[in-house]
Amino acid sequence: MNSVTNDKVIQLSHGGGGKEMNRLIKDIFFNAFDNAILRKEEDAAVLHFDGNVAFTTDSFTVAPIFFAGGDIGKLAVAGTVNDLAMMGAEPQFLSCSVIIEEGFEITKLKTIVASMATELKKSNTRIVCGDTKVVPKGCVDGLFINTSGVGQIIKPDISVKNLEAGDCIIVSRDIGRHGAAILMAREGLTLESELTSDCANLWPIVEQLIAANVEVHAMRDATRGGMSAVLNEWAKASNVCIEVKEDAVPVSDEVKGLCELYGFEPFDLANEGTFIVAVPADNAEKALNVMQQFCHCQTASIIGQVTEQQNNQGKVILQTPWGSARYLDVPQGELLPRIC
């Protein structure tokens with residue numbers, strides 16, 4: 001049987017269920033994601049769990065497919081792993097479905113799949129089932145990926161409904177990098193200092209928080225809608241007021257510059273490797289110390305707290321450096337389409 005490496009681009013026959021499709025799946029996907037469960041080639045993966053599990057799914061349609069700091073493959077794995085991690089669940093098994101446009105370059109597909117394999121290793125997660133579809137040219141913008149994931153809950157009772165007055169709000173790193181990086185790639189902008197997406201697997205950091213026995217009330221990765229969306233969701237779900245100090249929120253100079261240029265708020269820009277956590281005040285310093293010791297969390301900061309303002313329940317208040325205050329609203333409109 002010929003190798004798929006002899007082919008230059010994806011053809012419709014690669015999705016037809018015959019020899020070409022078998023070659024594509026075996027030479028690229030099975031080769032990168034090889035594990036005992038996947039190797040059985042059953043119609044469904046048989047999994048074993050003890051206790052409660054978390055289950056999530058997400059689809060990825062980012063444009064451009066390759067961007068500074070990652071690509072659609074890294075994003076697809078990290079995004080689903082992170083959703084599990086934010087529920088205190090150890091990511092264990094993923095599915096992977098790809099919809100590929102006819103004419104898509106085989107070399108690009110291999111790069112994307114290799115990126116996924118690299119990201120899987122960071123959380124010891126396995127892709128155990130999947131699906132491949134090839135559609136006529138023009139039906140898909142290059143490549144779409146759906147990943148679903150399941151993981152065993154290690155830290156129970158993390159919920160958007162659990163915030164309490166006095167909780168400290170911590171952000172893991174500087175915000176808005178993914179949205180800004182995608183904007184740069186789309187508009188062809190160049191900066192003196194290179195800006196990269198924050199796209200990253202968050203389970204190693206969350207695992208350290210759990211190991212340190214940090215009490216976590218809520219945790220969420222700040223993806224579409226950014227920090228603003230997360231905090232507003234929390235305030236409404238827990239019926240509390242969240243106050244944030246604007247000058248405590250870490251924002252890189254590059255992101256600030258792009259926001260000034262385009263009139264965006266950094267609080268609204270998407271992230272793909274930044275998370276927000278709410279912890280009791282007496283756990284805040286411990287959480288911060290753990291986060292600052294690992295990976296890319298050196299800029300982790302306490303940015304605010306949950307307060308008892310009865311007349312502002314369900315609201316997020318931003319305290320400015322000039323002593324004034326304003327509501328930090330949920331983002332409206334479509335600032336940056338196709339960021340994930």
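Visitor: Where is Met184 placed?
Guide: Met184 sits in helix α5, residues 177-187. This is a predicted model, so that applies to everything discussed here.

Visitor: Is that residue buried or exposed?
Guide: Met184 is buried, with a relative accessible area of 11%. The cut-off for buried is under 20%.

Visitor: How far apart are the C-alpha atoms of Met184 and Thr320?
Guide: They are separated by 28 Å, and the two residues are 136 apart along the chain.

Visitor: Now Ala36. Which helix is it in?
Guide: Ala36 belongs to helix α2. At 44% relative accessibility, Ala36 is partly exposed.

Visitor: And what separates it from Arg126?
Guide: Along the chain, Ala36 and Arg126 are 90 residues apart. Their C-alpha atoms are separated by 9.8 Å.

Visitor: How many residues line the pocket, and which lie nearest its centre?
Guide: The lining has 24 residues, and Phe30, Leu38, Glu42, Cys129 and Gly130 lie nearest the centre.

Visitor: What is the lining like by class?
Guide: The lining of the largest pocket has 15 nonpolar, three polar and six charged residues.

Visitor: Change of topic: where is Thr147 found?
Guide: Thr147 is in strand β6, which covers residues 143-153. Its relative accessible area is 0%, so Thr147 counts as buried.

Visitor: What else does Thr147 touch?
Guide: Leaving aside residues up to four places away in sequence, Thr147 touches Thr56, Thr57, Asp58, Phe60, Ala76, Thr80, Leu94, Ser95, Cys96 and Met116.

Visitor: Met116 is in that list. Which residues of α4 are buried?
Guide: Met116 is one of them.

Visitor: What span does α4 reach, and what is expected?
Guide: Helix α4, residues 106-121, has 16 residues and reaches 23 Å from its first C-alpha to its last. That is close to the 22 Å expected at 1.5 Å a residue.

Visitor: On to the backbone. What kind of peptide bond joins Ala63 and Pro64?
Guide: A cis bond, with omega at about 5°. Pro64 lies in the loop between β1 (53-60) and β2 (66-67).

Visitor: What is phi at Glu41?
Guide: Glu41 has a positive phi of about 55°, although Glu41 is not a glycine. The residue is in the loop between α2 (36-39) and β1.

Visitor: How accessible is Glu41?
Guide: Glu41 has a relative accessible area of 48% and is partly exposed.

Visitor: And Asn239, what is its phi?
Guide: Phi of Asn239 is near 55°, a positive value in a residue other than glycine.

Visitor: Where is Asn239 found?
Guide: Asn239 lies in the loop between α7 (226-238) and β9 (241-245). At 43% relative accessibility, Asn239 counts as partly exposed.

Terms used. Residues numbered from 1 in each chain as written. Predicted model: local features only at pLDDT ≥ 70, side-chain atom pairs only at ≥ 80, totals over all residues. Heavy atoms only, no water. Helix = DSSP H or I, 4+ residues; strand = E, 2+ residues; numbered from the N terminus. Buried < 20%, exposed > 50% of the residue type's maximum accessible area, 1.4 Å probe, protein only. Expected span 1.5 Å × (residues − 1). 1 Å grid on protein atoms, 1.4 Å probe; cavity = no way out; pocket = protein on both sides within 12 Å on 5 of 7 lines; lining within 4 Å. Nonpolar A, V, L, I, M, F, W, Y, C, P; charged D, E, K, R; others polar. Contact = heavy atoms within 4.5 Å.
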